[in-house]
Amino acid sequence: MTLMEDAKKGIIAPQIQEVAKKEGIDPDLVRSCVAKGIIAIPDNPARDSRPVGIGRYMSTKINANIGTSRDYINIEEEIEKARTAEKFGADALMDLSTGGDLDSIRSMIMKAVHIPIGSVPIYQAAASRQAVVDMTSDDMFNAVRKHAMDGVDFVTVHAGVNLDSLGRIKKGDRITEVVSRGGAFTLAWMLHNQEDNPFYTEYDYLLEIAYEHDMAVSLGDGMRPGCIHDASDGAMFTEIVTLGELVKRARTANVQSFVEGPGHVPVNEIETCVKTMKSLCLDAPVYLLGPLVTDIAPGYDHITGAIGGTLAGMYGADFLCMTTPSEHLALPTVSDIREGTIVTKIAAHAADIAKEGQRERARALDDRMSHARHRLDWEEQYRLAIDGERARSIRESRVTGSDACSMCGDLCAMKIVKEALSKEE
């Protein structure tokens with residue numbers, strides 16, 4: 001049986017116990033939410049990974065994207081990226097490789113880390129043919145099955161891309177049309193073969209594979225807006241309506257699912273975007289890329305994504321996919337992965353400070369940091385910091401004779417007031 005099926009029968013599986021302990025909540029509450037599909041714990045039994053809870057009552061989680069491209073294949077570097085992402089706080093990892101021996105790359109990455117791993121099987125299906133449009137529906141489903149057998153914990157499938165969403169693209173006024181690679185593969189295949197998307201028309205078969213391997217399904221956002229102009233349009237919401245229908249069918253089949261979302265969204269539309277996704281998709285866990293809040297900051301899109309991610313998390317997004325300084329520009333380096341992971345981790349925590357169900361725990365951590373700062377306890381500050389290594393490096397590169405920081409030294413406001421108050425006593 002799958003984890004969801006067990007949960008529906010009242011069984012509190014070890015994964016649920018571990019997630020409940022980590023989140024500090026009642027195991028039976030987690031179980032009931034897994035049974036309803038509003039918490040997902042992607043954990044393929046074929047691989048030993050650390051259980052991570054995503055959804056209602058859970059802290060906001062983050063994902064890091066890595067993977068080769070056809071232009072640059074360096075497996076050792078991708079493994080280092082994977083380990084860097086895990087070290088600096090990524091809760092999950094997606095292998096988006098499109099170049100090289102994809103089976104070998106995926107296997108090596110999966111062995112390198114202990115967090116859940118996701119993939120996009122259509123990339124491998126497309127790689128098996130001379131052209132993307134030449135792949136068959138069998139290629140697509142065989143790739144899903146292969147990834148499931150290999151132990152992938154969740155797969156992104158763009159099952160919501162269908163003839164309805166294609167019609168919306170044709171009639172709309174988008175600037176960037178389709179920016180999802182998987183969505184583009186699917187649309188190109190549909191147009192060339194004059195058929196609807198096999199992942200949509202044969203969705204029940206996809207669920208059979210996922211059920212057999214207890215693998216979660218991440219319903220991809222093939223119609224996500226790729227620029228601010230395209231945000232919140234008909235194509236995006238048409239797909240979200242379809243994803244809500246697919247979530248319901250996944251729950252009936254005892255398959256865990258979550259839904260992916262945009263993309264590029266102006267700050268004033270983020271609340272509507274997230275709450276609409278939650279409503280139309282039956283409160284399934286929401287997984288967002290960013291969202292990026294402006295298009296004019298190449299080189300800093302890890303920051304534009306973190307701004308959007310903070311707001312999205314506050315309004316109910318459960319899972320934030322990081323962006324890096326290389327977004328829209330190049331394949332990220334190891335340094336980019338570290339930067340993107342840390343900045344997205346900051347966004348997730350900032351969201352939790354304001355998020356119902358997480359406020360108390362998140363603020364308690366900030367209070368501990370505040371007390372450490374008041375005591376000028378540097379070791380405790382490094383320990384509590386999201387990136388303690390960097391905090392230590394900056395301070396120790398400019399150490400003075402004072403026990404305060406070199407910005408103020410003996411003129412430290414807290415030190416002066418503490419001494420003044422002690423004399424009053």
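**Salt bridges in the predicted model**

At 25% relative accessibility, lysine 345 is partly exposed. This residue belongs to a predicted model. The structure holds 30 salt bridges.

**Lysine 345 and aspartate 91**
- Lysine 345 forms a salt bridge with aspartate 91, and their closest N and O atoms are 3.8 Å apart.
- Lysine 345 sits in helix 15 (residues 334–354), while aspartate 91 sits in the loop between helix 4 (75–87) and strand 4 (92–95), so the pair ties together parts 254 residues apart in sequence.
- Aspartate 91 counts as buried, because its relative accessibility of 8% falls under the 20% cut-off.

**Arginine 338 and glutamate 389**
- Arginine 338 pairs with glutamate 389 in a salt bridge, with 3.9 Å between the closest N and O atoms.
- Helix 15 carries arginine 338 and helix 18 (residues 388–396) carries glutamate 389, so this pair ties together parts that are 51 residues apart in sequence.
- Arginine 338 is partly exposed at 25% relative accessible area.
- Glutamate 389 is also partly exposed, at 42% relative accessibility.

**Lysine 146 and aspartate 150**
- A salt bridge joins lysine 146 to aspartate 150, the closest N and O atoms lying 2.8 Å apart.
- Both residues are in helix 7 (residues 137–150); being four residues apart, they are separated by about one helical turn.
- Lysine 146 is partly exposed, with 32% relative accessible area.
- Aspartate 150 is partly exposed, with 29%.

**Network**
- Salt bridges link Arg56, Lys278, Asp283 and Asp318 in a network.

Technical notes. Residues numbered from 1 in each chain as written. Predicted model: local features only at pLDDT ≥ 70, side-chain atom pairs only at ≥ 80, totals over all residues. Heavy atoms only, no water. Salt bridge = Lys/Arg side-chain N within 4 Å of Asp/Glu carboxyl O. Helix = DSSP H or I, 4+ residues; strand = E, 2+ residues; numbered from the N terminus. Buried < 20%, exposed > 50% of the residue type's maximum accessible area, 1.4 Å probe, protein only.
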